[in-house]
Amino acid sequence: MVIPATSTEYLHVAVTAPVGTDLTGTPVRIAVIGHDGNPTSAEWKTAEWVGTHARLLIGPDSGLVLTRGTYLVWIAVDPPGAEHIVRRSGTLNIT
């Protein structure tokens, strides 16, 4: 995905769950990081569900302002039970 640095918009991350699993009430977080390691606890931002996508508002008029560069996008989902699922979900280019 490519987003201009001057744009404020939602970053959408598609989430696939097993058939019959409803994740809409499940906590979800997104991290957008500029390094190769795993996200730190401070880099995770609370996201919200829109259908089968998690979304996070990014840009100058949001809580996550990014400068030009390439970022890794991560998602964390905490479904009921013992699982805490963390996945790298893609790359974001800010131009």
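Guide: We will go through the cavity, the pocket and the charges over rings in turn.
Guide: This is a predicted model: local features need pLDDT of at least 70, side-chain atom pairs count only at pLDDT 80 or more, and totals for chains, interfaces and linings use all residues. Residues are numbered from 1 along each chain as its sequence is written, and side-chain values use heavy atoms, without hydrogens and water.

Visitor: How many cavities of 30 Å³ or more does the structure hold?
Guide: Rolling a probe the size of a water molecule over the atoms shows where empty space is left. On a 1 Å grid over the protein atoms alone, a cavity is a set of points where a 1.4 Å probe fits but cannot get out; a pocket is an open set with protein on both sides within 12 Å along at least five of seven lines. Here there is one cavity of 30 Å³ or more. The largest cavity holds about 50 Å³ of space.

Visitor: Which residues line the largest cavity?
Guide: Lining residues have an atom within 4 Å of a point. Among them are Ile 3, Ser 7, Ile 58, Gly 59 and Ile 94. Ser 7 lies in the loop between strand S1 (2-3) and strand S2 (9-14); strands are DSSP runs of E, at least two residues, numbered from the N terminus. Beyond its neighbours within four places in sequence, Ser 7 is in contact (heavy atoms within 4.5 Å) with Ile 58, Gly 59 and Pro 60.

Visitor: What lines the largest pocket?
Guide: Its lining includes Val 15, Pro 18, Leu 23, Ile 75 and Arg 87. Strand S7 (69-77) and strand S8 (85-94) are the elements that give two or more residues to this lining. The largest pocket has about 200 Å³ of space.

Visitor: Which charged ends sit over rings?
Guide: The test asks for NZ of Lys or CZ of Arg within 6 Å of the ring centre and within 35 degrees of the ring normal. The charged end of Arg 55 sits over the ring of Tyr 10, 3.7 Å from its centre. The charged end of Arg 29 sits over the ring of Trp 44, at 5.1 Å.

Definitions and conventions
Points joined across faces, edges and corners; volume = space filled by probe spheres on them. Helix = DSSP H or I, 4+ residues; strand = E, 2+ residues; numbered from the N terminus.
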